[in-house]
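I opened a new model today and went through it element by element. My notes are below the display.

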Amino acid sequence: ATSLGAGPSRLGRGVAVGGKHMATREGISGAPTLKAAPVGCSNAVCGLVTASEPVAGKKVRLTVDVGEEQPLTVLSAASVDTGARIIVALVGSSIGDTEVTIPTICDAAMLGWDGRGASGPATLPKAFSPGDAAPNERPKAGRAAAAEVDKLGNVVDGAGVDALFVSKPKLSKAEKEMAKLEKAAAKGDTKAATKLQHLRLRQEIEARRAAGEEVYTDEELEKAGLETP
């Protein structure tokens, strides 16, 4: 008979048990199962950078709106532009198996994103608002553009569509003539410049007469070579 101890024992191939030769798996009986270390952040949110100030040690002090009453102040080793949307791990959350004790800017590796790419703070598109939960994976570059595609797959240009329905004011005959003369005068046409001056004077006289003012008599205008309004 074989005496087995209380602790884990190594069993080899071809052990005789009860007079029979039986194949067994090599290894240590009772060994604990190893689990993969946790990845990602348990509570990371979108933060909008509202101010950026360089400090000693080649770092930058950021003021970040995370959707709470008061903004957070965090330090970044990389330069971050005002208006950027970064990801911040809040106090009490965990990055991997480490508890967060101060608000921390997250990079792609800390978030466990695949295709981590360049180092530095992970950023989000404008579709995310301050306080929104960070996504589990890197947002696709075409996400924002996809929202601007219609059912037929055509890219929708909101400004261009709106422009189709905006009617431009129609110019009067005098306004068209003035615009034409202005272009010619800008190119150095002296005749056009003189005619433009006369046209503006006639318009001014017409407007003042409509208001009840007597500016020039028709006879005086004719002597000056100008048409009467």
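**Ground rules.** I am working with a predicted model, where local features need pLDDT of at least 70, side-chain atom pairs count only at pLDDT 80 or more, and totals for chains, interfaces and linings use all residues. I number residues from 1 along each chain as its sequence is written, and side-chain values use heavy atoms, with hydrogens and water left out.

**Whole protein.** I counted six helices and 11 strands. Here helices (H or I, at least four residues) and strands (E, at least two) are DSSP runs, numbered from the N terminus. I looked up burial next: 19% of the 229 residues count as buried. Buried means under 20% relative accessible area, exposed over 50%, and partly exposed in between (1.4 Å probe, protein chains only).

**Strand β8.** How many of the five residues of β8 are buried? Five of the five, across residues 85–89, so the strand is largely enclosed by the rest of the structure. I checked both faces. Arg85, Ile87 and Ala89 lie on one side, Ile86 and Val88 on the other, and all are buried. In a regular strand the side chains alternate between the two faces of the sheet.

**Partners of β8.** Two strands pair if DSSP finds at least two bridges between them. β5 (residues 44–55) runs antiparallel to β8, with five bridges. I found Val45 opposite Val88, and Cys46 has Ile87 as its bridge partner. β11 (residues 104–105) is also antiparallel to β8, joined by two bridges. There, Thr104 is the partner of Ala89.

**The β5–β6 hairpin.** Seven bridges join β5 to β6 (residues 59–65), again antiparallel. Pro54 is partnered by Val60. Three residues separate the two strands of this hairpin, and Gly57 in the turn has a positive phi of about 85°.

**Helix α4.** I checked the length of α4 (residues 173–186). Its 14 residues should span 20 Å at 1.5 Å a residue, and the end C-alpha atoms are 20 Å apart, which agrees. The expected span is 1.5 Å times one less than the number of residues. Gly188 follows α4, with a positive phi near 100°.

**Glu137.** Is Glu137 buried or exposed? Exposed, at a relative accessible area of 54%. I placed Glu137 in the loop between α1 (108–111) and α2 (143–146). Its C-alpha atom is 8.0 Å from that of Leu111, 26 residues apart along the chain.
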